[in-house]
Amino acid sequence: MEKKASWPWGIIVILLLILMVQECLAGVVIEQVVRDREGNASKVIMYFSESRFRSDHPNGSLTTMIDFKEDRMVMIDHLSKHYVEVKFSQWEREVAGRLKKSVPDTQPKSRKIMVKKTGETATLNGFRTEKVQIFADGELIEENWVTRDVALEEVEKVMDKVALGFSKEFKTEMKESREIYEKIKALGFPILVKDYTIAHGLGGVDVLEVKKLEKKELKDEVFLPPKGYQRIVPDSSKK
């Protein structure tokens with residue numbers, strides 16, 4: 001019997017996937033490897049500062065930047081040197097609409113979520129981590145190796161906004177993921193995430209691994225489209 005896939009909060013980070021004046025602000029840079037359901041790995045570099053977020057996907061030459069305070073989202077194609085700028089709230093609604101059309105119109109069954117600390121520890125990529133298991137109705141669905149080695153206030157500020165934003169559009173669908181996010185956040189930051197819903201009983205599959213994490217000063221230009229790039233106006237924005 002096929003297992004129901006959950007929406008791990010680490011991946012929600014990847015669904016996500018701008019503009020200010022020239023001054024330095026404290027921030028966090030995270031380099032990680034994400035794998036899809038076919039096992040294909042891709043490198044992702046994320047930048048967090050105040051209410052701003054940037055995600056670079058070098059494999060696809062794409063960058064996404066979000067400014068929650070200004071309700072702004074910028075999507076950049078480095079190969080063509082073009083970028084699109086839209087309201088983030090509008091993008092959320094459009095994505096929510098497409099996803100709702102692509103999935104069956106049924107209410108997901110509410111499951112009892114339990115997060116269990118195992119006491120097992122390991123050093124992964126220089127981080128001291130502890131193994132945490134996530135169960136849904138008694139079935140193991142996810143394994144997180146979390147760390148408390150670093151203070152991640154900047155990351156949590158942005159992640160809270162991401163989780164809250166999608167929760168508004170998918171109140172029922174995201175209820176379980178929101179619950180998992182809150183429980184994991186209280187224990188630490190995931191360095192390695194294993195998904196047990198993909199292999200259907202054959203063991204956990206690594207879907208996210210943090211390779212590097214550092215706190216550093218981020219200039220506002222990090223959250224700006226590169227100079228010389230051309231802005232493309234979507235047809236929907238012209239109306």
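Select Asn-144 to begin. This residue counts as buried because its relative accessibility is 1%, where buried means under 20% relative accessible area, exposed means over 50%, and partly exposed lies in between (1.4 Å probe, protein chains only). Asn-144 sits in strand β9, which covers residues 139-147; strands (E, at least two residues) and helices (H or I, at least four residues) are DSSP runs, numbered from the N terminus. The side chains of Asn-144 and Glu-142 are joined by a polar contact of 2.8 Å. A polar contact is a pair of N or O atoms within 3.5 Å; within protein, one must be able to donate a hydrogen and the other to accept it, and residues adjacent in sequence count only if both atoms are side-chain atoms.

The model is a predicted one, in which local features need pLDDT of at least 70 and side-chain atom pairs count only at pLDDT 80 or more, while totals for chains, interfaces and linings use all residues. Residues are numbered from 1 along each chain as its sequence is written, and side-chain values use heavy atoms, with hydrogens and water left out.

Next, select Lys-131, in strand β8 (residues 127-136). With a relative accessible area of 14%, Lys-131 is buried. Contact means heavy atoms within 4.5 Å. Not counting residues up to four places away in sequence, Lys-131 touches Lys-116, Lys-117, Thr-118, Gly-119, Glu-120, Glu-143, Asn-144 and Trp-145.

The following stops concern salt bridges. How many salt bridges does a search of the whole structure find? The search finds 11, a salt bridge being a side-chain nitrogen of Lys or Arg within 4 Å of a carboxyl oxygen of Asp or Glu.

Select Lys-43 and Glu-31. Their side chains form a salt bridge, with an N to O distance of 3.8 Å. Lys-43 lies in strand β2 (residues 41-49) and Glu-31 in strand β1 (residues 24-35), so the pair ties together parts that are 12 residues apart in sequence. Lys-43 is partly exposed at 32% relative accessibility, and Glu-31 is partly exposed at 25%.

Move to Glu-179 and Lys-183. The closest N and O atoms of this salt bridge are 3.0 Å apart. Both residues lie in helix α4 (residues 175-185), four residues apart, about one turn of the helix.

Then select Lys-212 and Glu-214, whose side chains meet in a salt bridge of 4.0 Å, N to O.

Finally, turn to the interior. A nonpolar core is a set of buried Ala, Val, Leu, Ile, Met, Phe, Trp, Tyr and Cys residues joined through side-chain atoms within 4.5 Å. Which members of the largest nonpolar core touch the most other members? Of its 23 residues, these are Ile-30, Val-210 and Leu-213. The elements giving two or more residues to this core are β1, β2, α2 (88-102), β10 (189-195) and β11 (205-219). Of these, β11 gives the most, with four residues. Select Val-210 and display its surroundings: leaving aside residues up to four places away in sequence, its contacts include Ile-30, Phe-127 and Ile-191. A second, separate core has 11 residues, among them Met-65, Ile-76, Val-222 and Phe-223.
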